[in-house]
There are 2 protein chains.
Amino acid sequence: MRYYKISDNTIRRLPRYLRTLEKLREQGETRISSYGLGQLLGIGSSRIRQDLSHFGTFGVQGYGYSVTALRDAISKVLGMDHKFSAVLVGCGNIGKALLCNFDFAACGINLMTGFDVSSEVVGTTHNGIEIKSMEELDCYLTENHIDLAVLCVPKEVAVSTADILTRNGIKAIWNFTNIDIIEPGSQILVENVHFSDSLLALSYYLSETIMD
Amino acid sequence: MRYYKISDNTIRRLPRYLRTLEKLREQGETRISSYGLGQLLGIGSSRIRQDLSHFGTFGVQGYGYSVTALRDAISKVLGMDHKFSAVLVGCGNIGKALLCNFDFAACGINLMTGFDVSSEVVGTTHNGIEIKSMEELDCYLTENHIDLAVLCVPKEVAVSTADILTRNGIKAIWNFTNIDIIEPGSQILVENVHFSDSLLALSYYLSETIMD
């Protein structure tokens, strides 16, 4: 396992900080204290100061953080300035939902094209993104430098599709298949999206209210 | 803000424990040590022991946890035995993806019906779930006891639809709209699903590999 300088817990709080800072900016706020940010996020201000201390000195005692400077610093830490290139593989319901509604550019991701097996979908364009035939995937990946793949294919072909991706130099997979696609110890980065995690957290809090 | 006995961080690790235990059970494993569970999850064994200590004594020193007993205990803590009833509101791409591919029952959720405005969708059935007209939503909620709503409507109608839900006794909303649907201080539980959070974490780890 690689050693990362910043803990995974901190990394996973950063997108929430980013969203909150973006909202503050839209509201015209220019500065925010760690206490204020903590109140908005339900996180203790000492944890926030500790998280943000990884990225240099933004806060000034009694004066708080500059909203835009902190937002820019966090987006840089999250690699958003790299403009990673991506393909979306599998344009069924979830793939199409991402194509039509998800703002890849806002995450610093340059979505290049989609791939699907269905002749009804191949050749169509969603949000300016063309869907190519899955048969072209292999060839496309060898001819283009693509960093990341969004994997939305059916479970049955998840592993075989992931094989094509990794064989062709894809370094990171955003995995919506609910399948373990990579052998343990692989160097490929995989971020599994498990919808159930958040539903079960909601279920917990709902059951708590019933017990009150 | 309500006081919950178990920290939110712990709650959000439990679904991951559950998934891992389920996988172990499928592999025929009957016992697992906190160290073994930690290795599988990339979490320290002391944190695991601390997390699980909230739910009674399952572990036996040098003997580990019973896989099924621990799985059952965690699923109970997560409220999965309550069989909460749910409706899905908005059957566009993301709504349809959830209807067709997401296993609500496996999360202990009893999905009753879906609602949509499109005449092409109303009356169709996906995975045994009938889609009703959005015009029936108000009436349906007053006539049926529904605990939870899955909100997948377009951004423009997110707040107004959430109003209908909460006015009619919905206590929890699983929110896919990327919009803040509830005023601060509301008693309604909202779990916001932000796809960008996991993509940005992946982007961070990808940018780390490039800097190596």
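Which residues are linked in a network of salt bridges? The answer is A:E22, A:R25, A:R71 and A:D72. Keep in mind that this is a predicted model.

A:R71 and A:D72 join through their side chains in a salt bridge, at 3.0 Å from N to O. Now the accessibility. A:R71 has a relative accessible area of 19% and is buried. The cut-off for buried is under 20%. A:D72 comes out at 39%, which is partly exposed.

Over to chain B. What does B:D51 form a salt bridge with? The partner is B:R13, and the closest N and O atoms are 2.6 Å apart. Where do the two sit? B:D51 is in helix α3 of chain B, residues 45–53. B:R13 is in helix α1 of chain B, residues 8–26.

One more pair in chain B. B:K132 and B:E130 meet through their side chains in a salt bridge, 3.9 Å from N to O. The cut-off there is 4 Å, so the pair counts. B:K132 is buried, at 18% relative accessibility. B:E130 is partly exposed, at 38%.

Behind these pairs is a general point: side chains of opposite charge can pair when their charged atoms come close.

Last item, the total. How many salt bridges does a search of the whole structure find? Over all chains, 22.

Notes
Residues are numbered from 1 along each chain as its sequence is written. Chains are lettered from A and ligands numbered from 1 in the order in which they are written. This is a predicted model: local features need pLDDT of at least 70, side-chain atom pairs count only at pLDDT 80 or more; totals for chains, interfaces and linings use all residues. Side-chain values use heavy atoms; hydrogens and water are left out. Buried means under 20% relative accessible area, exposed over 50%, partly exposed in between (1.4 Å probe, protein chains only). Helices (H or I, at least four residues) and strands (E, at least two) are DSSP runs, numbered from the N terminus.
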